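Here are my notes for a colleague who is opening this entry for the first time. Please keep the view open while reading.

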Amino acid sequence: MTYLSVIFLLHLRNVSNNTLSGLPSCLSNLPSLSTLDVSNNLKLNGSIPSWLCQMNLNVWNGINTSLTPNGALPMSFNLDGATISTLQSTFSAGNPQFCCGDSTRTSMPNYCQSPTGDCALDASKKIFCTNLTIDSSNCQIPGNVCPNNFVCTPDGCADLSSNATSCGTYGNTCPPFYGDDGQNYGSTCISSVCKNTYNDSTCCGIQQAVCDSKSICKKGLCQCNPVTQSGPFWAIDNNSSTNPNCIDTSANLTSCGLTLIQCTLSALNCTMKTPCKPTCSNGTCFNSFDPKSCGGLNQVCTNPTPDCANGICTNFQNDTLNCGGQSKACPPNNVCSRGKCYNLNTDTLNCGVVGSPCNNTTGTVSCVNGACLCSMSSNSTPLNYTVAGCKNFNSDVNNCGALNQQCTSTGLNCQSLSSSTCQPTCIQGQCFNTATDNSHCGLSNKKCSAPSSICSNGNCIPSDCVIVDALFPSLWSVGTNCCANGHISSNVNLVCNAYNQVTNITIGNQPLTSIPDLSGLTALQSLTLTGDNLSNSIPSSICSITTLKSLVLSNNALNGEMPQCLSTLPLRLWQTVPFLELFPAGFVVFLLLSIGMDQVLICSQMVLFSKPIQTLMCLW
């Protein structure tokens, strides 16, 4: 048998009728043997050898043999598929239980003894000794594992951390606790320690709450410490919680007041249209954006600031930061009026002042820096703004310098003059008669260089032309330069020198009737008036033309005395055809004696003393 060291299974049932004394010891040399069955060999006797306990047998069967147990060695056991309870049922009741698998036992008796007098299987199905009253993996029954945080007791698996009858250790019953009223409130096992929930701040009440540092436990409830947290608004936030806190409810939004109201928009019935800010003060929940409690409880907004914006009393009608409502700020450079924003610098409907529009009925108007301004006209003429629209104060005769300030002939004292000599005009906001004003002549506002140039009919013309215009308005165009346009026809002609002074006038066959006063023509050298229906006498004013060298007055109906002052003129040519009633008789003699050597006197068809005579010509 010693050569069969690899035998795993050995069945020797009913093999012999011979009497055998015990099991042969050679079997102990079979380390791989796991099953040994010698049942039904009645003649097999002796005691079960101790070496059998050292073998790794899973199945042993000595039933129906004459073998006797060695101590408490069972007659058979089967660990394959069997449970420890099945195995235990084979053990003799009241005897120490045999434990083959206890390798710590090297000598007999090879069985479990107190305090580990119970037998159980380990994870590899090896039998070992234990105490089923304290082994949490084999509590009361082999293989009965206690839950986490539970321990094994004689009463089974138990949580000693919260078991009032076995608190911390088995059998440690928490004692009673009597309150101030003599009532037994009992004790509770918490974390393996017996505590009372009546006044213990670490396990207060049935919730076993942990009161915070500001609280104490009284009669099973956390309450604010009256010594350190005195005041009308200190309260426990939630006694149904395991962690209640003593809080100040005077200004607490989540627990406002002793009733612990949650101060929210819904609690205040606030809507989207109503500015709302839930606020808790003095234990009262209110809307601090309400004009009746603006910024604080019972702080009422009144005139002139009846509205509330962000907790500050204001007036939505004129507050630029809250124009028409809370936080409705006007843009920069705007003002608030009647609850609306206006840019008084640029708004043509509200320029400078709310409700003051710019009138744009005439011209294009814009509002600049709070003032209505007109754009320039199409010819780049600056315009002035008025309530009546855009006006040109510089040139408008009806609004000269100011609205409705008119330039009139009456204002210029020329109402009695003709339109050619009275022309009211507005220049740079002042009224002038541009028909005659030498400083502001005509629409071009020229300055005439008087006395050589004079304003006439709105044009700067030579001063002699003004005299000509006045004396002969029907011959030359009034207000024009007669020197430039002197020749009208062969019968009407005017000549000027280089200084625009009239030197020659020829008028023939025109209805003049009389000789005008030409004394203003200081450079006149020749005057010819023939066939012009002249009558009356020769005016003495003609003698003031000291430059006159030629005087022709023929074919007219002149009469009266001939001015004696003619003798003072430097005449080279004198001619009248005819003279009527020319007297006195000595005049001609006087004249002839007065004229110079280079002068020629021609007298044609003269009537002396009412008697016609032939033309008299005197030559020297």
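1. Ground rules. This is a predicted model, where local features need pLDDT of at least 70, side-chain atom pairs count only at pLDDT 80 or more, and totals for chains, interfaces and linings use all residues. Residues are numbered from 1 along each chain as its sequence is written, and side-chain values use heavy atoms, leaving out hydrogens and water.

2. Overview. The protein has three helices and 42 strands. Helices (H or I, at least four residues) and strands (E, at least two) are DSSP runs, numbered from the N terminus. Of its 620 residues, 38% are buried. Buried means under 20% relative accessible area, exposed over 50%, and partly exposed in between (1.4 Å probe, protein chains only). The accessible surface is about 32800 Å², by the Shrake-Rupley method with a 1.4 Å probe. Carbon and sulfur atoms account for 52% of that surface.

3. The largest nonpolar core. It has 33 residues. Such a core is a set of buried Ala, Val, Leu, Ile, Met, Phe, Trp, Tyr and Cys residues joined through side-chain atoms within 4.5 Å. Phe472, Val502 and Ile505 are among the residues with the most contacts inside it. At least two residues of this core come from each of α2 (463-471), β32 (492-496), β33 and β34. Apart from it lies another core, of 11 residues, including Leu23 and Trp51.

4. Phe472 up close. Leaving aside residues up to four places away in sequence, Phe472 touches Ile505, Ile507, Leu512, Pro516 and Leu518. Contact means heavy atoms within 4.5 Å.

5. Strands β28 (424-427) and β29 (430-433) run antiparallel and share four bridges. Two strands pair if DSSP finds at least two bridges between them. Ile427 stands opposite Gln430. Two residues separate the strands, and Gln428 in the turn has a positive phi of about 50 degrees.

6. Positive phi in loops. Which residue between β21 (312-314) and β22 (335-337) deserves a look? Asn333 lies in that loop. Its phi is positive, about 65 degrees, although Asn333 is not a glycine. Asn333 counts as exposed because its relative accessibility is 62%. Thr513 sits in the loop between β33 (502-508) and β34 (526-530). Thr513 is not a glycine either, yet has a positive phi of about 70 degrees. At 38% relative accessibility, Thr513 is partly exposed.

7. A cis peptide. Asn303 and Pro304 are joined by a cis peptide bond, with omega about 10 degrees. Pro304 belongs to the loop between β19 (284-287) and β20 (307-309).
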